[in-house]
Amino acid sequence: MQGKEVKWKTFFSETGAISQFTGWFFHEFLRPRYEFREFLRQCFVIGYKSLPLIALTGFIMGLVLTMQLRPTLVSYGVEARLPDMVSLSIIREIGPVITALIFAGKIGSSIGAELGSMRVTEQIDAMEVSGTNPYKFLVVTRVWATTLMLPVLTILSDAVGLYGGYLGINIRGVMSLDLYINEVLNTVVFSDVIPATIKTFFFGFAVGIIGCYKGYNSKKGTEGVGRSANSAVVLSSLLIFIIDLIVVQITDLMGLN
Amino acid sequence: MDTADRIAEKPVSEPQRTAVLEIKQLKKAFGSNVVLDDFNLAVYRDENVVVLGRSGSGKSVLIKCIIGLLKPDLGSINVLGEDVLALDHDGLDHIRMRIGFLFQSNALYDSMTVRENLEFPMRRHLKNMNTDEVNERVNEMLSNVGLLHTIDMMPSELSGGMQKRIALARTLILKPEIILYDEPTTGLDPVTGREISTLMVEMQEKYKTSSIIISHDMKCVKATADRVVVLVDGKAHAIGSYADIRQSADERVKQFFE
């Protein structure tokens with residue numbers, strides 16, 4: 001019984017601390033000084049360096065999804081609807097969520113480990129005593145970079161995933177690229193693309209803020225760094241699903257599904 | 001009256017000397033653990049004061065309170081005429097430009113080269129300096145510590161002693177008036193430790209800095225101290241020159257020399 005109480009207490013204090021950390025972000029990000037150079041560097045590190053992994057997983061996702069869907073559609077005699085199903089699945093749900101999960105694994109853990117290591121080796125303190133606001137320099141720039149880079153990476157992942165779907169169709173059948181693109185464009189409408197893209201901003205924000213929170217508050221030496229990286233991935237992945245659930249409910253209420 | 005009291009009562013500095021740092025009745029506790037309790041200290045211009053104490057006695061807490069990384073529960077800290085505890089964020093940043101801090105772990109930014117580590121404080125505070133002047137300052141500081149050839153290396157490529165020298169160069173880069181050293185020779189071999197102690201004294205003479213040095217390495221204490229403060233039970237238990245403290249009959253002071 002006491003153990004349960006401690007767990008609830010930990011849960012609420014952790015939730016409170018994350019909320020405070022997030023509030024601090026909104027308090028700091030509008031105030032000068034602006035760390036543009038560091039922000040651009042983070043966009044390069046977080047965005048550009050994630051491109052190969054995101055593109056590869058996107059491609060495999062499209063290819064495998066097509067190959068898995070095909071037998072079912074063939075059994076119902078609607079094989080011709082394969083491009084429609086693949087494109088809707090990728091753009092509305094699988095593309096954003098899988099990309100965000102891969103992103104959380106790669107970037108969330110790397111931010112958690114980097115800031116955690118900086119914390120335990122006193123680099124964050126060194127930044128503070130040299131008159132630099134470490135929250136602004138390290139956290140605000142990274143959270144902005146993850147928030148803005150994940151939608152871009154998702155769009156790329158969707159495009160590569162759709163190309164994977166095209167190759168998947170052509171493994172067992174024949175369809176020209178023109179016809180495939182035409183089918184996709186006839187199926188997908190703005191109300192599919194816009195909510196799916198908007199939610200990726202929230203996914204990116206969640207990955208950034210959780211990675212930074214875990215790293216920035218890292219304790220207990222190198223063991224704490226590993227724990228920060230690990231819990232950053234677990235918590236941000238969980239948040240991605242929770243945000244997805246909320247967004248789906250909202251779009252459903254708005255009649256966009 | 002015991003030896004410690006007699007040492008503490010000695011006139012430690014001439015009255016006309018200027019105090020650059022004054023700590024009065026400082027108290028800091030973590031929960032029920034009182035680390036500093038009614039701690040008083042004045043550091044004068046061009047003076048090296050060593051704070052000697054056992055591990056966990058509150059030495060590092062003291063200098064973290066001075067630089068504003070920790071907030072004391074009671075007392076006052078006056079640095080270069082400014083009441084540190086009354087300063088807002090900008091005021092604290094301003095005073096921090098005049099104080100250097102050498103971390104025990106060196107705290108070099110491991111994602112940056114040596115050059116970038118040294119440039120980092122300058123790019124943020126000395127914006128009127130052009131690239132040539134920045135390069136000149138970086139080269140000057142690296143030459144001071146004899147490591148100009150490491151300018152484009154990463155901290156991970158350097159030995160512990162070299163990292164300590166680079167950290168010292170970074171501490172000096174804004175030419176601070178006061179330097180706080182947190183166990184500068186801990187973890188170094190005796191030869192490197194001696195080199196670092198010598199370097200600290202050389203830099204103090206060259207740039208006319210005042211320092212607080214946290215240490216329990218007696219060789220470093222002997223080499224660097226103008227005055228020694230022995231921290232026991234959160235208080236300045238004894239204050240005096242190295243020779244005075246060395247000759248103390250007080251058991252709690254003597255234990256550091258055994």
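A: A residue is called buried under 20% relative accessible area, exposed over 50% and partly exposed in between (1.4 Å probe, protein chains only). By that rule B:Cys220, with a relative accessible area of 1%, is buried, and B:Cys65 is buried as well, at 0%.

The model is predicted: local features need pLDDT of at least 70, side-chain atom pairs count only at pLDDT 80 or more, and totals for chains, interfaces and linings use all residues. Residues are numbered from 1 along each chain as its sequence is written, chains are lettered from A and ligands numbered from 1 in the order in which they are written, and side-chain values use heavy atoms, without hydrogens and water.

At the interface, 16 residues of chain A are in contact (heavy atoms within 4.5 Å) with 20 residues of chain B. The buried area, meaning the accessible area (1.4 Å probe) that two parts lose on being put together, summed over both, is about 1,700 Å² here, and carbon and sulfur atoms give 49% of that. Three salt bridges, each a side-chain nitrogen of Lys or Arg within 4 Å of a carboxyl oxygen of Asp or Glu, are counted between the chains. One of them joins the side chains of B:Arg96 and A:Glu128, at 3.9 Å from N to O.
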